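Please keep the sequence and the coordinates at hand while reading.

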Amino acid sequence: MKLHIKNGRLVDPKNNIDALRDLFIVDGVVAAAGEAPAGFVADRTIDAAGLVVAPGLVDLSARLREPGYEYKATLESEMQAAMQGGVTSLVCPPDTDPVLDEPGLVEMLKHRARSLNQAHVHPLGALTMGLKGRALTEMAELTEAGCIGFAQAEEPVEDTNVLLRALQYAKTFEYTVWLRPQDAHIGRGGIAHAGPLASRLGLAGVPVMSETIALHTIFELVRATGARVHLCRVSSAAGIELVRAAKKEGLPVTCDVGAHHIHMTDADIGFFDSNARVTPPFRGQRDREAIRAGLYDGVIDAICSDHTPVDADEKLLPFGEASPGATGLELLLSLALKWADDYAAGQYRSGGAGAGPLSRALAKVTCDAARVAGLAAGQLAPGAAADIVLFDPAARWTVDAQALASQGKHTPFVGYEMTGQVVVTIVAGRVAYQRKSGPVRG
Amino acid sequence: MLNPQLNKNGELQHLLTIEGLPKAIVNHILDTASSFVSISDREVKKVPLMRGKSVFNLFFENSTRTRTTFEIASKRLSADVINLNISASSASKGESLLDTIDNLAAMHADMFVVRHAQSGAPYLIAKHLIDTRQSHVHVVNAGDGRHAHPTQGLLDMYTIRHYKKDFTNLTVAIVGDILHSRVARSDIHALTTLGVPEVRAIGPHTLLPGGLEQMGVRVFTNMDEGLKGVDVIIMLRLQSERMSGALLPSAQEYFKSYGLTPERLALAKPDAIVMHPGPMNRGVEIDSAVADGAQAVILPQVTFGIAVRMAVMSILAGTHG
């Protein structure tokens with residue numbers, strides 16, 4: 001199977017390419033960019049005039065809700081959402097039911113995902129059995145089954161000694177441990193950023209120190225063990241400063257932020273809008289600015305969708321009882337581009353060096369995310385897997401909950417206008433999704 | 001952002017919070033209440049303003065006192081009152097909050113008086129009524145989580161106005177567990193709306209939420225300093241579950257530091273009034289000598305509370321004003 005993508009603007013941040021360049025794909029692998037390889041005769045040609053041709057997105061956190069929570073979402077619905085969002089590789093956290101703490105469960109999930117033949121699914125195994133923070137999981141076995149790292153999802157390890165042992169053990173095999181920095185006690189039961197707004201609305205707060213105390217602990221343990229840690233969904237300006245210092249010190253840490261957190265603040269809770277109930281909570285204006293700046297200067301490695309499908313009945317509840325989470329797979333690209341429009345473009349105009357804003361935004365959801373996850377994906381050099389997204393960078397669309405493929409319909413962006421729409425998603429050289437209506441050109 | 005408690009003409013559609021409520025509406029409620037105060041002294045304590053209307057008291061959290069005052073207020077307006085103690089019925093059977101609302105709306109409810117342990121629950125109900133085009137049904141927040149207790153705030157304002165006439169030269173101190181208190185939040189918003197120049201909050205750091213300054217409040221941790229020269233003291237109830245643990249070591253120590261005694265009361269202005277939303281913990285937040293003393297207006301608060309709730313309900317029902 002030979003595929004020719006012609007007339008597109010190829011943006012491949014990993015290889016510093018942003019130019020009008022054709023792409024030639026042979027048997028699921030990128031064969032060449034620019035000039036056709038000798039003897040290339042296309043079986044299929046896609047005219048990408050007016051479109052950006054980029055590596056398929058790599059999402060560092062997407063809950064697929066299988067096994068256990070099929071009423072919230074199924075692998076079928078969420079994989080379709082990934083395709084519509086241009087996400088070709090995704091990392092899923094282990095907080096399923098049962099928890100991904102046994103190789104058999106991981107193998108089953110991988111098998112189910114492979115049979116759908118859409119996005120590549122890379123599970124994180126549970127760091128401790130049942131995420132209970134007591135006994136270590138069989139990390140080597142889980143890795144063999146397909147886990148790319150180990151995580152506690154939303155359950156902080158209460159016993160610091162267990163966390164120390166877990167990092168020591170992970171370091172033994174050079175596994176990466178993915179931790180969302182949150183203290184096990186401070187902020188427990190909190191539902192909103194501890195600040196003037198939470199005080200006014202009478203919502204129990206999650207203080208920034210819940211994040212910073214956890215970061216201090218993690219960094220101390222990383223110093224002691226040398227284990228590689230990826231920090232998930234850092235949410236505060238103070239937290240980002242700690243990550244900056246840790247990186248400067250040379251600690252083997254990386255970090256991501258949730259795509260919603262680049263744009264939303266606690267003020268978006270408005271009159272108790274449960275769509276704005278997420279973990280970690282949306283923080284203040286200064287925190288949001290620090291996230292935007294941290295993405296630009298590189299302290300923050302990647303943007304993830306933190307895709308969390310929630311059943312409608314679980315959102316039609318008072319704010320504090322509503323399930324946290326927002327749908328994100330189909331918004332990831334547009335939210336990253338929105339950051340580029342809002343922030344990076346301004347920095348770029350004011351003399352910032354390096355790649356243009358579009359390329360910068362794409363790096364955060366392609367090659368940088370892949371680097372964090374230890375995946376070869378996220379780039380389109382010859383020889384790379386042909387996981388590709390074609391999107392119209394100028395197309396505008398309005399977030400309509402019912403039009404989302406994901407079973408999760410909840411996001412504070414419902415009704416917002418977005419820029420950038422996926423037209424074609426290619427997985428391993430195969431057109432896995434093609435937009436039926438709308439501004440498809442060519 | 002649309003304020004869900006006002007309709008598009010800026011009239012009161014629901015009473016959910018005092019925050020953001022126009023001063024004119026607050027004054028209108030207080031003025032209307034004063035016309036109702038005398039009704040309670042009559043031989044026949046009823047007016048026909050809500051005859052034929054059905055008021056549902058939806059108490060998802062137990063409260064005999066507040067529920068009773070709403071019940072009396074409804075009855076004095078000639079409304080039919082249905083009391084539902086939901087914590088003991090539907091919720092325990094797994095019915096969702098909004099299913100309960102839909103069922104009761106189908107019984108032609110005109111007004112829901114809602115008490116809920118979660119901040120913002122009445123907003124969910126109000127929004128649902130808007131979404132399902134049932135704008136003729138009104139919601140009164142009778143206390144939601146830590147967020148608001150607007151009728152308590154209004155009756156407190158009524159009481160202050162009754163004794164002090166003018167708000168614009170007062171210093172008001174709110175003492176105790178501000179962190180968990182919806183009464184404190186509603187009082188703060190009401191006092192600042194009505195132009196009180198100095199609102200103070202007094203309590204230990206464990207019971208003071210962050211960001212009080214942004215609400216226009218001066219924070220004191222020393223009770224004696226905080227009470228100096230105040231015109232009004234609003235004591236808050238200390239819930240028994242907060243009396244020992246990580247927030248406070250003991251009720252005894254709390255009383256020692258923050259209990260209102262005659263000696264402390266003497267630090268306030270000589271004509272200062274002492275208020276309490278009830279029920280009181282004598283010997284924990286307030287000394288009996290103060291609670292029963294000449295400066296306490298705690299029982300008049302209860303009486304005014306009926307009139308204020310009558311005013312709120314009659315205004316919402318559109319049958320008055």
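In which sense do β1(A) and strand β4 of chain A pair, and over how many bridges? In this model, which is a predicted one, β1(A) and β4(A), residues 23–26, pair in the antiparallel sense over four bridges. Within this pairing, A:His4 has A:Phe24 as its bridge partner in β4(A). β1(A) is also joined to strand β6 of chain A, residues 44–47, by four bridges, and these two strands run parallel. Here A:Lys6 stands opposite A:Asp47 of β6(A).

The side chains of β1(A), which covers residues 2–6, can be read in terms of two faces. In a regular strand the side chains alternate between the two faces of the sheet. Along β1(A) the side chains of A:Leu3 and A:Ile5 point to one face and are buried.

The view may now be widened to the whole of chain A. Its secondary structure comes to 12 helices and 21 strands. The radius of gyration of chain A is 21 Å, close to the 22 Å that the globule rule gives for 442 residues, so chain A is as compact as a globular protein of that length. Along the principal axes, the C-alpha trace of chain A spans about 65 × 45 × 45 Å. Of the 442 residues in chain A, 58% are buried. Among contacts in chain A with a separation of 6 or more, 76% are between residues 24 or more positions apart.

Chain A is divided into domain 1, residues 2–53 + 386–434, and domain 2, residues 56–373. Taken over C-alpha atoms, the centres of the two domains of chain A are separated by 25 Å. At their contact, 29 residues of domain 1 of chain A meet 46 residues of domain 2 of chain A. On the side of domain 1 of chain A that touches domain 2, the elements giving two or more residues are β19 (388–398), β20 (417–427) and β21 (430–434) of chain A. The largest share, six residues, comes from β20(A). By class, this side of domain 1 of chain A divides into 17 nonpolar, eight polar and four charged residues.

An unreviewed UniProt entry places the feature "domain: Dihydroorotase catalytic" at residues 52–236 of chain A. Over residues 52–236, chain A is 37% helix and 18% strand, and the end C-alpha atoms are 32 Å apart.

The contact between the two chains comes next. It takes 18 residues from chain A and 24 residues from chain B. Helix α5 of chain A, residues 196–201, provides four residues, the largest share of the side of chain A that touches chain B. That side has 10 nonpolar, five polar and three charged residues.

Chain B is divided into domain 1, residues 14–149 + 303–317, and domain 2, residues 151–301. The centres of these domains of chain B, taken over C-alpha atoms, are 26 Å apart. Their contact takes 24 residues from domain 1 of chain B and 25 residues from domain 2 of chain B. On the domain 1 side, α1 (23–37), β4 (138–144) and α12 (298–316) of chain B each supply at least two residues. α12(B) gives the most, with six residues. The residues on this side of domain 1 of chain B divide into 12 nonpolar, six polar and six charged.

Finally, an unreviewed UniProt entry places the feature "binding site" at positions of chain B including B:Thr66, B:Arg115 and B:His149. B:Thr66 lies in helix α2 of chain B, residues 64–76. Why does B:Thr66 count as buried? B:Thr66 counts as buried because there are 23 C-beta neighbours inside 10 Å, and 20 or more are required. Leaving aside neighbours within four places in sequence, B:Thr66 is in contact with B:Arg115, B:Ala142 and B:Gly143. B:His149 is found in the loop between β4 and α6 (150–164) of chain B. With 28 C-beta neighbours inside 10 Å, B:His149 also counts as buried. Not counting residues up to four places away in sequence, B:His149 touches B:Gly143, B:Arg182, B:Val183 and B:Ser186.

Notes
Residues numbered from 1 in each chain as written. Chains lettered and ligands numbered in written order. Predicted model: local features only at pLDDT ≥ 70, side-chain atom pairs only at ≥ 80, totals over all residues. Buried ≥ 20, exposed ≤ 12 C-beta atoms within 10 Å, placed from the backbone. Pairing = 2+ DSSP bridges. Contact = placed C-beta atoms within 7 Å. Nonpolar A, V, L, I, M, F, W, Y, C, P; charged D, E, K, R; others polar. Domains from an automatic or database assignment. UniProt positions renumbered as here; feature names shortened; annotations may be inferred. Rg over C-alpha atoms; globule rule 2.2 N^0.38 Å.
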